[in-house]
Amino acid sequence: MILTPRMTQFVLEDSGKYRIHGEFTADEILEAASGIALQALSSREGLCLTDPDVVRHYLCNWLGNRKAEVFGCLFLDNRHRLIAAEELFFGTIDGASVHPREVVRDCLRHNAAAVVFVHNHPSGVVEPSQADERITQKLKDALHLIDVRVLDHFVVGSDSILSFAERGLL
């Protein structure tokens, strides 16, 4: 999350609760919540992501209210425990350019054995586009060369989430 001077008024207490000072728009609060969700997910190194409902919960909070498309990745070890969660590519309201070589590089940097991809659709519609399906296959092919498994690709909307694996698209 990029902290603006106004966002520094969101203070994390020792108790784990946030104290907020000042007046904020709904968009500012949602931006802060998205950053907090990513931070919470990233700080849970070792979190076992075998339960799709746990994954959905984090991903909806992380990307559900973004105004522009964001493509991220959960890097996992061979027991599907979280190594890192990162936002890799940023786009506009209807797309983001994803580069397989960068994803491969990040998998090697994290020594990941498996990954879960995630991106949002700011329109709220979670139906994957043909471009979504093509890039997922390209990424899967590229990562296969370095023995990294693609476990899923989630598309997050404003109030729902779609799993490529559950749809049979992987």
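Reader: What makes S5 and strand S6 a pair, and in which sense do they run?
Author: Two strands pair if DSSP finds at least two bridges between them. S5 and S6 (residues 149-156) share seven bridges in the parallel sense, so they pass that test. Val118, for example, stands opposite Phe154 in S6. Please keep in mind that this is a predicted model: local features need pLDDT of at least 70, side-chain atom pairs count only at pLDDT 80 or more, and totals for chains, interfaces and linings use all residues. Residues are numbered from 1 along each chain as its sequence is written, and side-chain values use heavy atoms, without hydrogens and water.

Reader: Why is S5 called mostly covered?
Author: Seven of its seven residues are buried (buried is under 20% relative accessible area, exposed over 50%, partly exposed in between, with a 1.4 Å probe and protein chains only). Ala114, Val116, Val118 and Asn120 point one way, while Val115, Phe117 and His119 point the other way, and all are buried. In a regular strand the side chains alternate between the two faces of the sheet.

Reader: Why is Phe117 called buried?
Author: Phe117 has 0% relative accessibility, so it counts as buried. Phe71, at 3%, is buried as well. Cys60, in contrast, has a relative accessible area of 27%, which makes it partly exposed.

Reader: Why is the ring pair of Phe71 and Phe117 called tilted?
Author: Rings of Phe, Tyr and Trp (its six-membered ring) pair if their centres lie within 6.5 Å; planes under 30 degrees apart are stacked, over 60 edge-to-face, and the rest tilted. For Phe71 and Phe117 the centres are 5.5 Å apart and the planes at 35 degrees, so the pair is tilted. This pair joins strand S3 to strand S5, 46 residues apart.

Reader: What makes Phe71, Phe89 and Phe117 a cluster?
Author: Ring pairs link them. Phe71 and Phe89 also form a tilted pair, with 6.0 Å centre to centre and 50 degrees between the planes.

Reader: What makes up the largest nonpolar core?
Author: A nonpolar core is a set of buried Ala, Val, Leu, Ile, Met, Phe, Trp, Tyr and Cys residues joined through side-chain atoms within 4.5 Å. The largest one has 19 residues, and those with the most contacts inside it are Phe75, Val103, Val115, Phe117 and Leu143. Helix H4 gives the most, with four residues.

Reader: How do you know that Glu86 makes a polar contact with His110?
Author: The rule asks for a pair of N or O atoms within 3.5 Å; within protein, one must be able to donate a hydrogen and the other to accept it, and residues adjacent in sequence count only if both atoms are side-chain atoms. The side chains of Glu86 and His110 come to 2.6 Å, so they fall inside the limit. Glu86 itself lies in strand S4 (residues 82-90).

Conventions:
Helix = DSSP H or I, 4+ residues; strand = E, 2+ residues; numbered from the N terminus.
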